[in-house]
Amino acid sequence: MIFNIGVFTIFCINVIIDGFVFSILYKWFLASIFGLPCISIFTAIGLVLLFRFVMITRETDKKNTKLNKEFFERISMGMASNICFSLFVLLLGWVVHLFI
């Protein structure tokens with residue numbers, strides 16, 4: 001039960017950070033270059049959720065495995081690495097934005 005709450009919490013934090021990064025990159029590149037209106041962080045979070053829903057890939061295991069601690073640890077580590085990747089993309093976007 002605690003692992004489920006932890007995974008859900010990390011997922012929510014991940015979506016918020018991804019939404020923030022998307023809204024900033026949208027403002028820096030799409031809105032300024034193409035003259036589009038800026039979007040709020042809530043709109044960006046909605047778009048991130050939509051992209052995740054569309055791009056979801058499901059792994060099917062052929063083996064009959066139970067949900068255990070290792071599964072939730074892998075999920076948590078994957079989401080934590082995604083948060084780090086999002087922040088890295090924001091840093092790279094910021095560097096590119098300085099040269100525009």
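I started at S86: leaving aside its neighbours within four places in sequence, it touches I17, D18 and V21. By contact I mean heavy atoms within 4.5 Å. Before going on, I noted that this is a predicted model, where local features need pLDDT of at least 70, side-chain atom pairs count only at pLDDT 80 or more, and totals for chains, interfaces and linings use all residues. Residues are numbered from 1 along each chain as its sequence is written, and side-chain values use heavy atoms, with hydrogens and water left out.

**Where S86 sits**

I found S86 in helix 3 (residues 69-98). Is S86 buried or exposed? It counts as buried, because its relative accessibility is 6%. The cut-offs I used: buried is under 20% relative accessible area, exposed is over 50%, and partly exposed is in between (1.4 Å probe, protein chains only).

**The whole chain**

Next I looked up the elements.

How much of the protein is buried? I got 22% of its 100 residues. The accessible surface is about 7,900 Å², and carbon and sulfur atoms own 73% of that. Those areas come from the Shrake-Rupley method with a 1.4 Å probe; for residues, only the protein chains shown count as cover.

I also checked how far along the chain contacts reach. Among contacts with a separation of 6 or more, 75% are between residues 24 or more positions apart.

**Aromatic rings**

How many aromatic pairs are there? I noted 3 of them in the structure. One is F22 with F51, edge-to-face, at 5.8 Å centre to centre and 75° between the planes. This pair links distant parts of the chain, as F22 is in helix 1 (residues 2-34) and F51 in helix 2 (residues 41-54), 29 residues apart. My rule for rings of Phe, Tyr and Trp (its six-membered ring): they pair if their centres lie within 6.5 Å, and planes under 30 degrees apart are stacked, over 60 edge-to-face, the rest tilted.

F22 is partly exposed at 24% relative accessible area, and F51 is partly exposed too, at 42%. Then I turned to W28 and F29: their ring centres are 6.5 Å apart and their planes stand at 90°, so that pair is edge-to-face. W28 counts as buried because its relative accessibility is 16%.

Last entry: F22, Y26 and F51 form one aromatic cluster.

Note on methods
Helices (H or I, at least four residues) and strands (E, at least two) are DSSP runs, numbered from the N terminus.
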